[in-house]
Amino acid sequence: MAGCTNRSDGYSPPVSQPDLPLVRNPLTVYVVDDDPGILQAVLAILGRPGTGFQLLGASPCGDSAPEIVADGEVDIFVCDLRLPGADG
């Protein structure tokens with residue numbers, strides 16, 4: 001077959017790696033939503049054991065969001081796109 005080469009050069013295919021967990025450490029999450037029901041639902045889902053998430057906190061308004069994100073501790077920031085007085 002054209003283009004095939006003889007692999008007598010010592011090449012061996014890569015050894016398969018053991019299955020690694022998708023998340024080695026919990027991902028940190030901060031949630032902002034002005035609807036108390038939505039906020040509680042998101043916190044309940046993400047706060048379940050075994051999800052791989054660590055909740056850093058939650059807020060009903062986005063006032064503190066810039067400082068929280070800027071400190072670099074948050075891996076995932078969940079925010080309502082329409083907040084009173086702010087946009088997500």
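Of the chain's 88 residues, 18% count as buried.

How confident is the predictor? The mean pLDDT of the protein chain is 79, and 70% of the residues score at least 70. Helix H1 (residues 36-46) comes out highest, at 95, while strand E5 (residues 86-87) is lowest, with a mean of 64. Where pLDDT is low, the predicted coordinates should not be read in detail.

Now to the sheet. Three strands make up an open sheet in the order E2-E1-E3, and the pairing is parallel. Strand E2 (53-59) and E3 are the edge strands; each has a single partner, so one side of each is left without a neighbour in the sheet. From one strand to the next, the twist averages 20 degrees. Helix H1 packs on this sheet and touches E1, E2 and E3, its direction making about 165 degrees with that of E2.

Strand E1 pairs on both sides. With E2, the parallel pairing runs over six bridges, and Val 31 stands opposite Ala 58 in E2. With E3, which also runs parallel to E1, there are four bridges; here Val 29 has Ile 76 of E3 as its bridge partner. Five of the six residues of E1 are buried, so this strand is largely enclosed by the rest of the structure.

Thr 28 gives a closer look at strand E1, where it is found. Its relative accessibility is 10%, and Thr 28 therefore counts as buried, the cut-off being under 20%. A polar atom of its side chain lies 2.5 Å from the backbone oxygen of Glu 73. Neighbours within four places in sequence aside, Thr 28 is in contact with Gln 54 and Leu 56, and also with Glu 73, Val 74, Asp 75 and Ile 76.

Another E1 residue, Tyr 30, takes part in an aromatic pair, and the count of such pairs comes to one. Its ring and that of Phe 77 have centres 6.2 Å apart and planes at 0 degrees, so the pair is stacked; centres within 6.5 Å make a pair, and planes under 30 degrees apart count as stacked. The pair links distant parts of the chain, since Tyr 30 is in strand E1 (residues 27-32) and Phe 77 in strand E3 (residues 76-79), 47 residues apart. Are the two partners buried or exposed? Tyr 30 is buried, with a relative accessible area of 8%, whereas Phe 77 counts as partly exposed at 31% relative accessibility.

Away from the sheet, Asp 63 has its place in the loop between E2 and helix H2 (65-70). At 63% relative accessibility, Asp 63 counts as exposed, because the threshold is over 50%. The C-alpha atom of Asp 63 is separated by 9.1 Å from that of Gly 85, and these two residues are 22 apart along the chain.

Note on methods:
Residues are numbered from 1 along each chain as its sequence is written. This is a predicted model: local features need pLDDT of at least 70, side-chain atom pairs count only at pLDDT 80 or more; totals for chains, interfaces and linings use all residues. Side-chain values use heavy atoms; hydrogens and water are left out. Rings of Phe, Tyr and Trp (its six-membered ring) pair if their centres lie within 6.5 Å; planes under 30 degrees apart count as stacked, over 60 as edge-to-face and the rest as tilted. Helices (H or I, at least four residues) and strands (E, at least two) are DSSP runs, numbered from the N terminus. Buried means under 20% relative accessible area, exposed over 50%, partly exposed in between (1.4 Å probe, protein chains only). pLDDT is the predictor's confidence in each residue, from 0 to 100. Two strands pair if DSSP finds at least two bridges between them. Axes are lines fitted to C-alpha atoms, for helices over the stretch in contact, and angles run from 0 to 180 degrees between N-to-C directions. Contact means heavy atoms within 4.5 Å. A polar contact is a pair of N or O atoms within 3.5 Å; within protein, one must be able to donate a hydrogen and the other to accept it, and residues adjacent in sequence count only if both atoms are side-chain atoms.
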